Amino acid sequence: MSLVRGLPDVPVVYSVCRDLEVAALRADVLFEVRSIVERVRSSTDASTLDRDPVVSKYRALAGRSGSRPAAGVYPEVLVRGILMRGKLPRYNSVLDLVNAVSAMTRVPISPIDASRVVLPLKLAYLTRDATVRYSGGREVYVRRGAIVLEDGLGRIVYVLPYRNTDVAPVTTTTRSVVFVGYGAPGVPLNLVESSVKTVVAYIESFFRGASCSRPEAGESPESGGS
């Protein structure tokens, strides 16, 4: 049975990495993130981002569920931050790598503290209006019909394709992480898979002793959402 379950039109790919030592700041990670940022900055401008074929698919997905905020989907927000400020926001050694990969591939990826959730995780269409608190502390209104990732207790862990909530963020006390990459109609599943594989490769390279499962696609119900 999959630890993370998708939807028929929104597949997921996930991996679980254990025995991590998450640091607030690491020079080697920072150097790699800066290298990725420079590659993104040199290959992208505002006009190409506006026409980006991957970002546009996530915009359409968010618009269909009535939940798209003015700021845009999260990988788009990250890339626009690179174009405007030449850098990504800094959080910790795991989140910074994930954000860099998302900016590079345009695929939303959420890192979730495995010890703070009840598995399995599953994507669902929100059946009620809700207010969630993002991991940064800001409260956000989420409309009925939005696509969210819920844990086994029904708590909203992630709002697709935007941000993690404060239910299970990765912090310096985290030791096990579930990395979830999200698809959308028209986004090749192999792009989602390769994005998660890239994250896993970075984790195994930079975090000595870390052990990660092979990225795999999550199961999904045959039709509709829950």
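This report walks through the overall fold and the salt bridges of a predicted model.

## Ground rules

Residue numbers start from 1 along each chain as its sequence is written, and side-chain values use heavy atoms, with hydrogens and water left out. Because the model is predicted, local features need pLDDT of at least 70 and side-chain atom pairs count only at pLDDT 80 or more, while totals for chains, interfaces and linings use all residues.

## The overall picture

The protein chain has 6 helices and 12 strands; these are DSSP runs numbered from the N terminus, with helices being H or I of at least four residues and strands being E of at least two. Along the principal axes, its C-alpha atoms fill a box of roughly 45 × 40 × 35 Å.

How much of the chain is buried? The share is 51% of the 226 residues, where buried means under 20% relative accessible area, exposed means over 50%, and partly exposed is in between (1.4 Å probe, protein chains only). As for contacts (heavy atoms within 4.5 Å), take those between residues at least 6 apart in sequence: 77% of them join residues at least 24 apart.

## Salt bridges

Side chains of opposite charge can pair when their charged atoms come close. Here the count comes to 12 salt bridges, each being a side-chain nitrogen of Lys or Arg within 4 Å of a carboxyl oxygen of Asp or Glu.

One of them joins Asp52 and Arg106, with the closest N and O atoms 3.2 Å apart. Asp52 sits in the loop between helix 2 (46–50) and helix 3 (53–64), and Arg106 in the loop between helix 5 (93–105) and strand 3 (109–113), so this pair ties together parts 54 residues apart in sequence. Asp52 is buried at 10% relative accessible area, and Arg106 is buried at 10% too.

## Other charged pairs

Asp113 pairs with Arg116 in a salt bridge, at 3.3 Å between the closest N and O atoms.
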